[in-house]
Amino acid sequence: MEQFNKNSMELLQEVTKSPEDSETHLTDMRILSNATSVVGLETTPKPVICEFCGEERYTEGINLGNRILWCPCGAEPCTCVEGIALHEREIDERKAKKQVEEQERANQLMREKVRKLTCESGMGERFLQRTFNTFIAETSLQKQVKALAQDYTLNFDSMLPKRGQPLYGRNGLIISGTKGTGKTHIAAAIANQLLSSGTAVVCMTERNLYDKIKRTYSYDCGENESDIRKIYETVPLLIIDDLGKEKASEWTLSTLYAIIDGRYERAMPTIITTNYDVSSLIDRITATSYRETADTTTAEAIIDRLFEMCESIAINGDSWRSR
């Protein structure tokens, strides 16, 4: 009925002077299919019997003079208690269906943007081979971490923020430990599992994260910096591998803060892997110029947000690469 009225308004606005005139004309020109002037006409919709009270329901139309535009939605809802309840349920169902369709379109658009963004991320074939099946858990700690990561993946949808519902809490992970202990493998396994189920994921090293933005500064890049940053801030899952490994600058510090703060405000899941403990990581992501003045304020703000957003997992042991 809402769409019917909208279409009618558009039609009437073609022959009237203003929206106010259209509304007045629309009210004056409305007609029901039980009106004596239209009953029995071939084009007049037949009455529909209410399934609850047995009363006849009639279709509303707009009298355009030489023809009547009948509502394509069918007869008006019955005014009995059950009829009103049914009508309200149908409205809610249509709204819910529309929201699902709109969300799916948004998800598809995000997946396309992420696919385009990550096709040059450098993760390559080695990244694709890092799955839960290829993660060899030999120690009890490794088995525990693998189980936790699998559980995280299975429950990922429930951890995403939903409008009108309380926030999940810590919906991200900080995976720390010495080099070669499987941190990247676990993060990539989570990413690959979610990607296979249709969830958009950006999984990049810290360097690739910055390089993708820097490429937009090129005249012939064809990509926009703000669009790249928005993907980083809004993608369902962002994984930053090897945080603290790159040489820090004022630009990398401010860029990292903007990304993390954007995800913090939106309560979006984030996974970080790093070789460093908290104090070392703060020092590593602090710009060289700030280190000279011992100003770690921004770096500390980044880490504070991450630990508020994420559960912490430590993986230590011998490097797999040296075996």
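Which loop is the place of Asp-242? Asp-242 sits in the loop between strand E8 (237-241) and H10.

## The model

This is a predicted model, in which local features need pLDDT of at least 70, side-chain atom pairs count only at pLDDT 80 or more, and totals for chains, interfaces and linings use all residues. Residues are numbered from 1 along each chain as its sequence is written, and side-chain values use heavy atoms, with hydrogens and water left out.

The protein has 13 helices and 10 strands. Helices (H or I, at least four residues) and strands (E, at least two) are DSSP runs, numbered from the N terminus. Of the 323 residues in the protein, 38% are buried. Buried means under 20% relative accessible area, exposed means over 50%, and partly exposed lies in between (1.4 Å probe, protein chains only). Contact means heavy atoms within 4.5 Å. Take the contacts between residues at least 6 apart in sequence: 74% of them join residues at least 24 apart.

## The largest pocket

Rolling a probe the size of a water molecule over the atoms shows where empty space is left. The largest pocket has a volume of about 1,200 Å³. It is lined by 34 residues, and the closest to its centre are Gln-103, Asn-107, Met-110, Thr-234 and Pro-236. On a 1 Å grid over the protein atoms alone, a pocket is an open set of points with protein on both sides within 12 Å along at least five of seven lines, while a cavity is a set where a 1.4 Å probe fits but cannot get out; lining residues have an atom within 4 Å of a point. Grid points are joined across faces, edges and corners, and a volume is the space filled by probe spheres set on the points.

Which helix gives the most to the lining of the largest pocket? H3 does, with 10 residues. Four helices each supply at least two residues of the lining: H3 (81-118), H5 (140-154), H6 (156-159) and H9 (225-234). By class, the lining has 14 nonpolar, nine polar and 11 charged residues. Here Ala, Val, Leu, Ile, Met, Phe, Trp, Tyr, Cys and Pro count as nonpolar, Asp, Glu, Lys and Arg as charged, and the others, Gly among them, as polar.

## Helix H8 and its partners

Helix H8 covers residues 206-215, and its axis comes within 9 Å of the axis of H9, crossing at roughly 150°. H8 and H9 are therefore roughly antiparallel to each other. H8 brings Asn-208, Leu-209, Lys-212 and Ile-213 to this contact, and H9 brings Glu-225, Ile-228, Arg-229 and Tyr-232. These residues divide into four nonpolar, one polar and three charged. Axes are lines fitted to C-alpha atoms, for helices over the stretch in contact, and angles run from 0 to 180 degrees between N-to-C directions. Angles under 35 degrees count as roughly parallel, over 145 as roughly antiparallel, 65 to 115 as roughly perpendicular and the rest as oblique.

H8 also meets helix H10 (residues 250-266): the axes come within 11 Å and cross at roughly 100°. That makes H8 roughly perpendicular to H10. Leu-209, Tyr-210, Ile-213 and Lys-214 of H8 make this contact with Trp-251, Thr-252, Thr-255, Leu-256 and Ile-259 of H10. Six of the residues are nonpolar, two polar and one charged.

Asp-242 is not a glycine, yet has a positive phi of about 60°. Asp-242 counts as buried, at 18% relative accessibility.

Ala-267 lies in the loop between H10 and strand E9 (270-274). Phi of Ala-267 is also positive, near 60°, in a residue other than glycine. Ala-267 counts as buried, at 16% relative accessibility.

## Pairs across the sequence

Glu-76 is in the loop between strand E5 (68-70) and H3. Glu-76 is partly exposed, at 27% relative accessibility. Glu-56 is 20 residues from Glu-76 in sequence, and the two are 9.8 Å apart in space, C-alpha to C-alpha. Ala-301 belongs to helix H13 (residues 297-309) and is buried, at 18%. The C-alpha atoms of Ala-301 and Ile-260 are separated by 9.6 Å, with the residues 41 apart along the chain.
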